[in-house]
Amino acid sequence: MSDDLLNEKLIAAKEKWAREGRGLTGDVAQNLQRLPAGQHLVQGLPVLDLGIQPDLPLKEWSLTIGGMTERTLKWSWDDFMAQPQVELTCDIHCVTTWSSYNNVWNGVTAKHLMQTAGIKPEAQFVMLRSYDGYTTNLPLSQFAADDVLIAHSWDGKPISRDHGGPVRVVVPKLYFWKSAKWVRAITFMEKDQPGYWELRGYHNNGDPWKEERYW
Ligand SMILES: Nc1nc2c(c(=O)[nH]1)N[C@H]1C(S)=C(S)[C@@H](COP(=O)(O)O)O[C@H]1N2
Ligand SMILES: [Mo]
């Protein structure tokens, strides 16, 4: 076969591929919408914390809800499990640039918790406090989003100790450092206060779609 003929055949084949859309997965547009700027996709869920993973027997565990609320609640494990339960699936975006898709969580919604405690009109911010000494703050409007969960299960199993079990918060719309593991107390506040990473150069709001990493 002459070089010319070979070339023509190759071009014809490539034209056919173009007509057929060979190699197209349809994923490009989807990924562009799904992966925030500067993030890459990983499988599963890496472990990230301060190196202290508290051991919390269910009998000793409790969650305190207070501050600018009508009632101060202290839920035991049984109290917590007796609340209405929901299942939610979300993508996770960690500020260290990994994202993880389709994480399935079970637990109690922040909305339900707020209704049960009764939020005073002065409340504008929320502080999450954890058993390892970690804290993180967020505006009430972010905490009150429909997809914020106080979760006890991940992908159908109790959340393991390294991922914040028995109970962690999940705030899908913000970078993952706002999702406190081993949550101990949820405090509603009139004035904002920076949490652990917010005091150390990380953004106060932390919206991955605005790339609010640092400030
Ligand atoms: N209590 C507590 N919660 C925490 C942290 C922590 O150190 N302590 N680290 C945060 C950070 S920076 C991230 S990225 C996620 C990691 O959650 P994972 O280990 O389940 O992936 O937890 C967040 N919640
Ligand atoms: Mo993180």
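## Model and terms

Buried means under 20% relative accessible area, exposed means over 50%, and partly exposed lies in between (1.4 Å probe, protein chains only). By that rule Tyr175 and Trp177 are both buried.

This is a predicted model, in which local features need pLDDT of at least 70 and side-chain atom pairs count only at pLDDT 80 or more, while totals for chains, interfaces and linings use all residues. Residues are numbered from 1 along each chain as its sequence is written, chains are lettered from A and ligands numbered from 1 in the order in which they are written, and side-chain values use heavy atoms, with hydrogens and water left out.

## Overall build

The protein chain has five helices and eleven strands. These are DSSP runs numbered from the N terminus: helices are H or I with at least four residues, strands E with at least two. The chain has 215 residues, and 47% of them count as buried.

Contact means heavy atoms within 4.5 Å. Take the contacts between residues at least 6 apart in sequence: 68% of them join residues at least 24 apart. The chain exposes about 11,600 Å², of which carbon and sulfur atoms supply 54%. Accessible areas come from the Shrake-Rupley method with a 1.4 Å probe; for residues, only the protein chains shown count as cover.

## Aromatic rings

Rings of Phe, Tyr and Trp (its six-membered ring) pair if their centres lie within 6.5 Å; planes under 30 degrees apart count as stacked, over 60 as edge-to-face and the rest as tilted. The count comes to 13 aromatic pairs. One of them is stacked: Tyr175 and Trp177, at 5.7 Å centre to centre and 15° between the planes. Tyr196 and Trp197 form an edge-to-face pair, with 5.0 Å between centres and 90° between planes. Tyr196 is partly exposed because its relative accessibility is 23%. Trp197 is also partly exposed, with a relative accessible area of 28%. One aromatic cluster takes in Tyr134, Tyr175, Trp177, Tyr196, Trp197, Tyr202 and Tyr214.

Charges also sit over rings (NZ of Lys or CZ of Arg within 6 Å of the ring centre and within 35 degrees of the ring normal). Arg200 lies over the face of Tyr196, 3.7 Å from the ring centre. The charged end of Arg34 sits over the ring of Tyr101, 3.9 Å from its centre.

## Gln83 in its loop

Gln83 is found in the loop between helix H3 (77–81) and strand E4 (86–93). Gln83 counts as buried because its relative accessibility is 15%. Leaving aside residues up to four places away in sequence, Gln83 touches Trp75, Val108, His112 and Thr116. Val108 is 25 residues from Gln83 in sequence, yet 6.6 Å away in space, C-alpha to C-alpha.

## Strand E8 and its partners

Strand E8 (residues 149–154) is mostly covered, with five of its six residues buried. Two strands pair if DSSP finds at least two bridges between them. E8 pairs with strand E5 (residues 98–109) in the antiparallel sense over five bridges. Leu149 in E8 is the bridge partner of Thr109.

E8 also runs antiparallel to strand E10 (residues 168–170), joined by three bridges. There, Val169 in E10 is the bridge partner of Ile150. Strand E9 (residues 157–158) pairs with E8 in the antiparallel sense over two bridges. Pro158 in E9 is the bridge partner of Ser153. The hairpin of E8 and E9 has two residues between the strands, and Asp155 takes a positive phi near 50°.
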